[in-house]
Amino acid sequence: MAAVTIDSLLQNPTLLFRPKAKVMLKPPRSLDCSRNRKLPLSRGSCFCSFNPRRTIHVVRASSSETALIGNFDTSSSDDIFYKDIFPVKRIEKVEGKFFIRLDRSKDQHDWQLTVGCSLPGKWILHWGVSYLGDSGSEWDQPPKGMRPPGSIPIKDYAIETPLKKLSEGDIFHEVEIDFNPSSEIAAIHFVLKDEETGAWYQHRGMDFKVPLVDYLEDDGNTVGAKRGFGVWSGALQQFSNVLLKSEASHADSQNNSIESKDSKNKNRCLEGFYEEQSIVKEVSVGNLVSVAVRKSPETGKVIVCLETDIPGDVVVHWGVCRDDAKIWEIPAAPYPPETTVFKNKALRTLLQPKATGNRSGALFTLDEEHFGFLFVLKLDDNTWLKFKENDFYVPLLGTSSVPGQYGQSDITTEEISSKSYTDGIINEIRNLVSGLSSEKSQKTKTKEVQESILQEIEQLAAEAYSIFRSSITTVPEEVVSETETTKPAVKISSGTGTGFEILCQGFNWESHKSGRWYMELKEKASEISSLGFTVIWLPPPTESVSPEGYMPKDLYNLNSRYGTIAELKELVKSLHEVGIKVLGDVVLNHRCAHFKNQNGVWNIFGGRLNWDDRAVVADDPHFQGRGNKSSGDNFHAAPNIDHSQEFVRKDLKEWLGWLREEIGYDGWRLDFVRGFWGGYVKDYLEASEPYFAVGEYWDSLSYTYGEMDHNQDSHRQRIVDWINATNGTAGAFDVTTKGILHSALERCEYWRLSDKKGKPPGVVGWWPSRAVTFIENHDTGSTQGHWRFPGGKEMQGYAYILTHPGTPAVFYDHIFSHHRSEIANLISVRNRNGIHCRSLVKIVKAERDVYAAIIDEKVAMKIGPGYYEPPSGSQGWSLALEGRDYKVWETS
Amino acid sequence: MEVSVIRSSSQAKISKTELGCRDLRFCFGKSNDKNKIFSRKPNSVCFESQISRFRKAGLRFTLKAVHSDPVLESKSPATFKSLDRLRLFVGLPLDAVSDGNSVNHARAIGAGLKALKLLGVEGVELPVWWGVVENEMGKYDWSGYLAVAEMVQKAGLKLHVSLCFHASSQPRIPLPKWVTKIGESQSSIFFADRSGQHYQQCLSLAVDNLAVLDGKTPIQVYQGFCESFKTTFSPFMGSTITGISMGLGPDGELRYPSHHKPAKSGTITGGGEFQCYDTNMLNLLKQYAEANGNPLWGLGGPHDAPTYDQAPNSNSFFKDHGGSWESPYGDFFLSWYSSELVSHGNRLLSLASSIFGDTEVNVYGKVPLMHSWYKTRAHPSELTAGFYNTASRNGYEAVAEMFARNSCKIILPGMDLSDEHQPHDALSSPESLLAQIRTTCNKHRVEVAGQNLAPGAPGGIEQIKKNMLGENKIDLFTYQRMGAHFFSPEHFPSFTEFVRSLSQPELHPDDLPSDEAEATESVQTSSDPNIHLQTA
C-alpha cells in the first residue's frame, strides 16, 4: 500500500485543520491515482508471467483495504469474484493560520519575533535582516546571536530555520527569533517555505518585512507606512506557488501598520504586535474507492458495490461496456437512486452516505452480459477523479467467463502495447503528436510533447526577439554622428570615460609565465603614465583552468598566474597613484565547472558561486545546461553562463561590485561579449557603475572570394548593435577598423579607409565615442598571432588610430618595443591638440596609395607611400611627426 | 491493468492535452485522413462529440491500426490545435514590408510565425501600405507582401490583411510619394483644423469623389489598389487570407483626425478639434447649410469649441449643461459632421464589399474607441472624431447600420483598456463605450472582432480575456503586435499564458453547454458513418 503510507499524514482530511477545506479546481491531469489491485483470483497467475517489460504494481491488499471491503453489506463473501481498491489522490486546499508576533522576551530585555503556522508540514522560515543605512533591498545574514538553533545559512544573505512544535499537543509550528532592539537591524525579512511541497508563502508576491525602526525616516511618506508590513520586491520574486491569502487580513495589516506608525514616531520604540493571516496549502489527500463485484445467486445479476471515503457529494459518472474497446454504453434500468442520464452517454449516480463512518456508496445491479463497468468520479467543484487519466474499469465477467481465452487476449494486447511503447520512444523526437500506444506512454508522451513544443516555442520566440531587438535599435548613422559630435565631451560615462582616454593593454599572451606579472607591471606604472596613457587593461584576475586566465573557475579566487590578490591590489594602488584607471578583464560568458553532474558532464560549479546546471545555457549539448537558450553565440570550450537567470545576474553583479570595492578596479574589459545579450551587460554596468568599459565583440569581416569587401557595414553594424543593446554603457573594440587597416596597408589599398559616405569605414565612423580602436591584442598578435597586423606597418596603424576619434588602445608589445618613442609622440600630439573620442574627422584623400584626413581642423595626417601635404593657407600647418609612410601635422 | 491497455486504443486519444487542445485534430491513419471525418474548422470538433461520434459510427480501432500512427504522424508537424471558437490573430510588425518592398527581419518573422503556430494561434494580421505598394500611380509592387503571404501560408497560418490608405509616423511609412507631391501643391486634399493646420497622414474624406489625384478620384485609386490586390493574391484568397480590413481613415480607423498628435496613454488630453476646415469640407458644409435653410451656419465650424489640449469645458461648445452642442446649431453641425463620416465609410466599404464580395474573405472596418470624456454628457472626443454620440443620442446606430448594409464586420480596438487604469480626471470609460458599441452592433447583427491597443497596458490581458470570454463572446481577436517587445522575456510568457488560458477551459468538457455538441452534429454528416478501421 505504498500510496496510502505516503499520504498517511493527511490520509484522513477530516483530522485537524480543515475549517473550510475545499477541493481545488485543477485540471484533471493532476488528479491521478495509482492503482493497487487485488487481482481476480482466476487470472492472477497468468497475468504476472507476461509483463517483464513493464512495471506493474501488484500489491497485496493490506488490512485497511480489507477493513473497507468489510464494510460492504455483502451477504456472503463467497459471491464476490472481484474486489479492488483504488487509492485516489485529490488536491485539497487546506486553510490554516499563520501568525507573526513581536513581543518582549521573557527577560523583558530582548525582543522576540515569533512566527508560527497551524498547518501541518515541514515549515522552514527563510529569513534575513537588513541593517540601518542599507540602501537597496538586499538581505543580510543576521548576526550569529540571533540565529535560533538549527539554523542553516543560505549563501551569505539568508538563514533557514525550521519551525517546530513546541510540544506534542501544539497546533502551531513555531520559530522564535530573539534579538536586541538596540542593534543595527532595521528590519527582519522572511518568507515561509514548506519543504514538503516546495511551496513558498509570501506576502503578496513579496517577502514579509517586520520593520524594527521607524519607517517614516526611511520612506518619509504614508505610503511607506501603509506598506509597512511586508514590502520588498527582491530576488524572491521568482517563487511561484503563492497561495497566501492575505486579502482577508489585509485590513488588519494596515491597521497594524498605522498603529506602529504612530508608535514609531518615537523612533526605535518598538511595539509588540500580533497578526494572523490565513494560509492555504494544497495538499494531496489520499482516499480510497473500493469496488466489489458479486453475483446475485437469486437473480443471476451482477451487483457492483462502490464505496468511498471521499467526503462531500460524490457523483459516479458511469456506464458499461461490451468488450475491451471500452465504449461507454448505458445499461438497462434499474438504476440506483439519485441517478440521471447524462447526454445519452452515461449515467450519473450520487453516492448515498452510509450509516456508519464518513463513507458513501452505491449498488449497481447489472445484467450479466456486460463485459465491464466503467466509471469516473465527479466531486464538488467539478473536480474529476480518474484513473491515470482514464476511466476506472471494473471487469464484470467473473468466473463465469472463459478465463483461458480472456487471459490470452490480455497477453497479446500487453505485448503489443509494450512494443508500441518502445517504438514510441524511438519515434519520440519525430513524433510529436500524442496518443499512440499504451496509456502509460500516452501520458508520458503527452507531457514530453508539450514540454518539447513549449521549449520550441520559447526558442523561436527568443530567436525572433533577438532579431527584432537588434533591428529596432539600429542607430541611423547620421543621427549618431551628429548627436555624438555636437555633444560637448565633458560628461563621464562608462562608455567613454572622459572622452579623452588613451588605453594601454597591460599584458600579452606570455605575461602569466613569470608568475609575478603584477609586480613587474607595477614597476612600469609611472612609465606608462608618463607616456600619456590614462587607462590600463589588466589580464583576467581569476583562478582559471588555462594559465592566461580566460577559462575562469572560481570567480572569487583572485590568485592567478599573474600574482596573488594582494599583489593585484598593490598594483592597482600604484597605478591609481600615477593617475591611471584600471580595467579588470572579466570573463562573463563562460565559466569552468568544478564538478560533474550525474551524466559525467562538467556543469556544476563550486566556490562561492556554487551554481548548478541551471546557470548553464541549454543549447550547448556538451554541457547539458538546464538554463535557457543562449542569448548570443556559444563559446564551446566551457559551459556558457545563462545570463537570463536572475540568480546568475544577481551573483555576477555582486561579484563585479566586489571587484570594484575589493580590488579597486575602475572598469571592465568584457571578454567574448558575443556570447550573451548586450542588455545583460547594461544591467551589469549599471550595477557596477564603472568609469570605463569596453567589450570584445569579435567576429569575422565580410570577404568575397578571399578578398575583403570594401563595405563592412554589416560587420560594424553588429558591433554597433551590441553597443546599442548595452544602451551605450560600454564601448567596443573596433574590430572593423583593424580589419580594414589590414587590407589597406597590406595591399596598398588606402581607398578602403573611406566608406561610401566619406567617413571612416569602421565603427569609429558610425559611433566614434563608443569605438575603442586598436591594431593588436594578446589574441591577434603576441605569441598567438591569430590575426596579426601587417608587419612593419604598425606605426601607420597607430598614426591612424591615435589621431582619429574613438578611444585608441595600444598593445603592450608595441609600447615596450622600438615603436615606443613614436607612439609616445603620437599620444602627445593627440593630447596637445585635445583630440577626443568624438573629434570630427574630414577625410581629404583616400586613394590607392595614400590616405589623408584632417581632424578637428587641428591635426592633419596621412598614411601610405603616396603624396599628401595639407593645404598651405591661413591655418599654417606644420609638420609634427614623420615616420615610415606616415606624417602628422598640426596647426601652429 | 491489462484491460486498460486495450482501452487506450480509443480512449487515450481523447485525453485532453495540457495545452488545451480541446478540439482534436489527430489523424487516425491514412484511410481516415482521406475520408476527412474531422472537420478542419476549428470550432467544430470537441471532446464529447468525438466520443459520441465514435460510438455512433461504430469505429473500432485495433491496435495495429493505431500502431501504424507514429510513422504517419511524423510527417505532419505537431501543433497545438487552434483555439476553439475564438480565433486569435497576432499583428505582424507595421513595417514587415517597407520601402523598396523588402521584407524586414524576415528571419525573425519566420521564427515568430512558427512559434505562434505551435502556440495554436490562428493567424496573423499584415498591414499592407499604400505608400509601399503604389509607388507610381497605378503601378503596384506587391512582391514584399507576396513573400510574407507565402511565409504565412507555409507556416500554416491564416492571414488577415489590413489595407492601409494612411501613413504611419512610427515606424515611418509615408503616403505614396506621388500623393505627397500632389499634397504639396494642393494641401486641400488633407484635413485641416480651425487654425488651418493640415493632417497629412491620410486624405480628407471630402475629396473621396473629387478628381484630385492626377485626374482620378481617391475612390478610384483605392479601387484600383484593391482590385490589383485581389488579382495578385487570388491564390491566397479564402484559403490563407480569411479577412481584409479596409483602411477608413487615420490609423485605418473610421474617424476624423481629431487629434493631430497621437495621445500618450495615461495622459489626459482634450477632446480634440473638429476637422472641417479644408476647402472641400467647408464647401460641403456650405451646401448642406444652404440646403437646410441656414446658410449662415455653413460658414465654418463651431466657434466655441476648445482647442486640442484644452479641457472640453473650457469653452462653451461641450459644456455639460447648456453647451452649444445641445443647441439647434450644434445638432445641425454634428449631424452633418457625423453623416459625412458615415458616408465616407459607406463609400469605402461598399467598394470593398463589391470587390471582395465574391471571395470567401470577410471584409472588416475599424471603428475607434474614443473613450476619453465618455462620462461627460457631450462626449467631446467622440464628437470631434465624427461620432454623434452623446448622453442623449446613440451615434453608433448609423455606423452599425452602415456596416450591416455592406455586410462588413467591425473591428474594435482597445479591448485591453479598463476603466480602472484610466486617469481619473479624464472622465473616460473605455468599458462602457465598448459595451455601447457592441450592443449597438448586436442589434444590427454586425459581428465584432477585437483588437488591443498595445501590449503591456496595465491589466490589459485580463481585460482582453474578460472581453473575449464574457457572455458576449468575440470570435476573432487580433493581438497587437509582433516585434521586439512582443517576444521579450517581459511580455512573451504572459502572452503564452494568455493563449493557453483562452484555449483551456476550466470546466470539464462534460460540463460545457451541450449546444456545442449539437453544433458539431452537422459537421458529422459529411463523414461516412460506417468507417471501420480494421487491422490493416
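Let me begin with a term: a residue counts as buried when its relative accessible area is under 20%. Tyr329(B), at 15% relative accessibility, is therefore buried. Trp297(B), in contrast, has 26% and so counts as partly exposed. Please keep in mind throughout that this is a predicted model.

Over all chains, the search of the whole structure returns 58 aromatic pairs. One of them joins Phe507(A) and Trp537(A), with 5.5 Å from centre to centre and 85° between the planes, an edge-to-face arrangement. This pair connects distant parts of the chain, 30 residues apart: Phe507(A) belongs to the loop between β22 and α10 of chain A, and Trp537(A) to strand β23. Both Phe507(A) and Trp537(A) are buried.

In chain B, the two residues from my opening also form a pair. The ring centres of Trp297(B) and Tyr329(B) are 5.4 Å apart and their planes stand at 75°, so this pair is edge-to-face. Here too distant parts of the chain are linked, across 32 residues: Trp297(B) sits in the loop between α11 and α12 of chain B, while Tyr329(B) is in helix α12. Both residues are members of one aromatic cluster, which also includes Phe191(B), Tyr256(B), Phe332(B) and Trp336(B).

As to the setting, chain B has 19 helices and 12 strands. Of its 536 residues, 60% are buried. Among contacts in chain B with a separation of 6 or more, 76% are between residues 24 or more positions apart.

Charges also meet rings in chain A. Lys581(A) is placed over the face of Tyr691(A), 4.6 Å from the ring centre. Arg591(A) is likewise over the face of Trp611(A), at 4.9 Å from the ring centre.

I turn now to α10(A). Where does α10(A) bend? The bend, of about 50°, is at Lys524(A).

Which residues of α10(A) are buried? They are Trp517(A), Tyr518(A), Met519(A), Leu521(A), Ala525(A), Ile528(A) and Leu531(A). In general, an α-helix has 3.6 residues a turn, so residues three or four places apart point the same way. The cover over the buried residues of α10(A) includes β22, β23, α11, α18 and α19 of chain A. Just beyond α10(A), Gly532(A) adopts a positive phi of about 110°.

Methods. Residues are numbered from 1 along each chain as its sequence is written. Chains are lettered from A and ligands numbered from 1 in the order in which they are written. This is a predicted model: local features need pLDDT of at least 70, side-chain atom pairs count only at pLDDT 80 or more; totals for chains, interfaces and linings use all residues. Side-chain values use heavy atoms; hydrogens and water are left out. Rings of Phe, Tyr and Trp (its six-membered ring) pair if their centres lie within 6.5 Å; planes under 30 degrees apart count as stacked, over 60 as edge-to-face and the rest as tilted. Helices (H or I, at least four residues) and strands (E, at least two) are DSSP runs, numbered from the N terminus. Buried means under 20% relative accessible area, exposed over 50%, partly exposed in between (1.4 Å probe, protein chains only). A charge sits over a ring if NZ of Lys or CZ of Arg is within 6 Å of the ring centre and within 35 degrees of the ring normal. Contact means heavy atoms within 4.5 Å. The bend at a residue is the angle between axes fitted to the seven residues ending there and the seven starting there.
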